[in-house]
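Here is a short note to read alongside the model. Please keep the structure open as you go through the points.

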Amino acid sequence: MATETKLKRSLSLPFITFYGLGTILGAGIYVLVGEVAGRAGLFAPIAFLIAALIVGFTAVSYAELSARLPKSAGEAVYVQKAFNKKNLSLIIGLLVVFTGVMSSATLLNGFSGYFQLFFQIPHWVILTVGIILLGLLAAWGIMESVGTAMVITIIEVAGLLLIIGVAAGSFATLPERIPELIPSFDGTIWLGIFLGSFLAFFAFIGFEDMVNVAEEVKDPQKNMPKGIFWALGIATLLYILVALVAVLALPISDLAGNSTPLATIYEKSTGKSPVIISLISLFAIINGVLIQIIMGSRILYGLSNQGWLPKKLSEVNKTTRTPLFATGVIMLIVLVMALWLPLVTLAQIASFVILIVYAFMNLALIRIKLQDPNPKGVRAYPFWIPVTGFLVSAGAVLFKTVVTLGVV
């Protein structure tokens, strides 16, 4: 009998941290800071802070779950362990894949906007060629693709620091402008902030992707939680600083709806062409897409490995040690979504769906902690954390639903 080829456990703590940081950063500031400012106005930094708080509780839950059950298709595995319901587990797994697809499609649209600053190539051509090249890189090998993502992540962090640096002069106005940046108790203002935070929430999507490569991480019981906390902490700090620089350096009218916000900040702050930051933005965005493709393919692999999807999706190539067919399926769906829906719609759908997933992840941890409160070799966090994570995530879903239906 032939031995089945397995995924290779080769990712250390720095690699898994940069893997998560890369997808978080690529999905956020480089694409959506202008859209968040359009909703929250000068209070965009507060919108990002609220989004970080919403995410924080669930991130702790993911840290414990990933240490307890370090498997591909992590979310589906967690739900199965908690509730032992195959159909529910499959639905959750597919929802996570759907979120990754929508996130990738969002980023591809953002990539097209920055790319057209250099070359006036049709939108559909940029999307098609981009997804093919990224899919090939994802199929090449986990160390090759994550190693590439790690290098690009360092570049995109440098890009955000560059923006903070060139616009640092705007911080001199901070003392006199602090009153402008503190919202009153006006309900309309806070509605705008919460709508902005819902969109800003999309910028934090990515830390959960880390659990889906757990079978390729060394010592996952220790490295997965550490990687999640490091990636999310660094991203939060950078987001708030860049959002603050943005609202101090530019009028909201220049930010709202801007498809290349960081390029505009650079140009206005330096008086120079934004070539450097635009190039970095391109790298940042494609990095997010690359990691989402990897994540989506690993979930399909994991679901197939559980016997919940066709066996073809769990086939691993003996040379690349990657699931080639699953990667191809993700590439095709991402391309269709990117061509079909606009950027903000994609981001809002992804945010809404992942909040539903987060609510289920917190419920799953609550149930698992009741079943096994003191797992051996795994740090268990206080029970109130997943309870709060569930209430916050479910509350955000309810808020967005009520607003969408026009009740408020």
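1. Helices here are DSSP runs of H or I with at least four residues, numbered from the N terminus. The model is a predicted one, in which local features need pLDDT of at least 70, side-chain atom pairs count only at pLDDT 80 or more, and totals for chains, interfaces and linings use all residues. Residues are numbered from 1 along each chain as its sequence is written, and side-chain values use heavy atoms, with hydrogens and water left out.

2. Stepping back into α12 itself (residues 261-270), you will find P261, L262, A263, T264, I265 and Y266 buried. Buried means under 20% relative accessible area, exposed means over 50%, and partly exposed lies in between, with a 1.4 Å probe and protein chains only.

3. For the whole picture, the chain has 16 helices and zero strands; strands would be DSSP runs of E with at least two residues. Of its 408 residues, 58% count as buried. The C-alpha atoms fill a box of roughly 70 × 45 × 40 Å along the principal axes.

4. Do look at the aromatic residues, as the structure holds 11 aromatic pairs. One of them joins F194 and F399, whose ring centres are 5.8 Å apart with planes at 65°, so the pair is edge-to-face. Rings of Phe, Tyr and Trp (its six-membered ring) pair if their centres lie within 6.5 Å; planes under 30 degrees apart are stacked, over 60 edge-to-face, and the rest tilted.

5. What does this pair tie together? F194 belongs to helix α9 (residues 187-201) and F399 to helix α16 (residues 384-404), so the pair ties together parts that are 205 residues apart in sequence. F194 is partly exposed at 34% relative accessibility, and F399 is partly exposed at 25%.

6. Ring pairs also link Y62, F201, F207 and Y358 into a cluster. Elsewhere, K312 lies over the face of F325, at 5.7 Å from the ring centre; this label requires NZ of Lys or CZ of Arg within 6 Å of the ring centre and within 35 degrees of the ring normal.

7. Lastly, V129 lies in helix α6 (residues 123-140) and is partly exposed, with a relative accessible area of 44%.
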